Amino acid sequence: MKEYNLNENFIAKFDNEKAIVTDSIDVFYGDHQSIFDVNLAFPRFSITALIGSSGSGKSTFLRCLNRMNDSIANVDGNIMYRDVDINSKKVNVYEVRKQIGMVFQRPNPFAKTIRDNITFALKKHGIKDKNELNRRVENSLKEAALWDEVKDKLDNSALSLSGGQAQRLCIARTISMQPDILLLDEPASALDPISTVKIEETLKSLKSKYTVIIVTHNMQQASRVSDYTAFFHSGHVLEFDKTASIFTTPKMQATEDYISGNFG
Ligand SMILES: Nc1ncnc2c1ncn2[C@@H]1O[C@H](COP(=O)(O)OP(=O)(O)OP(=O)(O)O)[C@@H](O)[C@H]1O
Ligand SMILES: [Mg+2]
């Protein structure tokens with residue numbers, strides 16, 4: 001059994017402004033602890049990849065960042081977003097999720113028209129003006145790189161889209177709320193290689209406006225799209241650094257083993 005140094009402090013390693021900072025995050029499913037003392041600071045307007053083997057806690061940690069664990073796990077520690085601890089029970093989770101949106105592994109468009117997929121949440125949040133709704137539909141579809149493919153069929157069912165198009169619609173649906181941070185849990189793992197490249201290009205174009213945090217199993221994908229990488233191992237973050245450094249000069253043996261596919 002290899003020994004890993006778990007005492008590194010990853011905070012304040014970079015000078016850039018931080019979009020969201022976690023402080024001593026522990027997560028428990030009942031008595032079972034799945035995340036141990038995770039301290040990460042996510043640089044604004046960049047893409048951070050969360051990598052690590054199956055069961056290492058990537059999804060569990062990601063869900064902490066917009067309170068998606070509320071009904072399934074206990075999350076201890078602070079998560080600072082704009083000087084607010086969004087892990088506090090006093091914070092309105094709907095406000096948190098408006099600022100910090102989530103896109104899931106499997107594209108999950110509603111059984112509604114393409115347009116209504118985007119306007120549904122906007123209307124729920126009180127936006128009634130038709131011009132404003134049209135503007136949001138067009139802008140979010142453009143940002144998600146789907147507009148050209150669907151602009152003439154906005155009133156067709158979203159269920160008629162391909163998997164890759166449906167996932168870009170889900171990205172458009174999330175950014176139509178004008179969030180600050182986008183969380184994506186393996187958004188391309190159910191897609192073919194061409195759709196995957198399209199999603200990666202879309203994410204790269206989004207980082208000028210959003211802070212993107214993506215879970216991926218795919219090492220090539222992490223090295224292609226992300227600026228920073230956090231390596232998860234058995235619920236601990238063993239290493240966090242610029243992606244180029246992680247992939248060329250990892251500091252931990254476990255990181256090197258993982259990225260080189262040597263799990264023995
Ligand atoms: N709803 C749950 N109830 C109980 N335990 C859970 C639950 N979800 C995850 N776990 C446990 O927490 C640990 C971390 O799981 P998690 O799904 O976060 O890992 P992951 O890194 O996202 O894995 P994968 O790459 O397979 O998606 C695992 O031991 C898992 O069994
Ligand atoms: Mg997962």
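User: When does a charge sit over a ring, and at what distance from the ring centre of phenylalanine 110 does arginine 173 lie?

Analyst: A charge sits over a ring if NZ of Lys or CZ of Arg is within 6 Å of the ring centre and within 35 degrees of the ring normal. This is a predicted model, and in it arginine 173 lies over the face of phenylalanine 110. Arginine 44 likewise lies over the face of phenylalanine 45, at 5.9 Å. For arginine 173 and phenylalanine 110, the distance is 4.2 Å.

User: Phenylalanine 61 and phenylalanine 232 form an aromatic pair; what kind is it?

Analyst: The ring centres are 5.5 Å apart, with 50° between the planes. Under 30 degrees would count as stacked and over 60 as edge-to-face. With 50°, the pair is tilted.

User: How many residues apart in sequence are the parts that this pair ties together?

Analyst: Phenylalanine 61 belongs to helix 1, residues 58–64. Phenylalanine 232 belongs to strand 9, residues 228–233. So the pair ties together parts whose separation in sequence is 171 residues.

User: Is phenylalanine 232 buried or exposed?

Analyst: Buried means under 20% relative accessible area. Phenylalanine 232 has a value of 0%, and phenylalanine 61 is also at 0%. So phenylalanine 232 is buried.

User: Which residues form one aromatic cluster?

Analyst: The structure has 5 aromatic pairs, and the tilted one described above joins phenylalanine 61 to phenylalanine 232. The aromatic cluster is made up of Phe42, Phe61 and Phe232.

User: How many disulfides does a search of the whole structure find?

Analyst: Cysteine 64 is buried at 3% relative accessibility, and cysteine 170 is buried with 3% too. A disulfide needs two cysteine sulfur atoms within 2.5 Å. Searching the whole structure gives a count of 0.

Terms used: Residues are numbered from 1 along each chain as its sequence is written. Chains are lettered from A and ligands numbered from 1 in the order in which they are written. This is a predicted model: local features need pLDDT of at least 70, side-chain atom pairs count only at pLDDT 80 or more; totals for chains, interfaces and linings use all residues. Side-chain values use heavy atoms; hydrogens and water are left out. Rings of Phe, Tyr and Trp (its six-membered ring) pair if their centres lie within 6.5 Å; planes under 30 degrees apart count as stacked, over 60 as edge-to-face and the rest as tilted. Helices (H or I, at least four residues) and strands (E, at least two) are DSSP runs, numbered from the N terminus. Buried means under 20% relative accessible area, exposed over 50%, partly exposed in between (1.4 Å probe, protein chains only).
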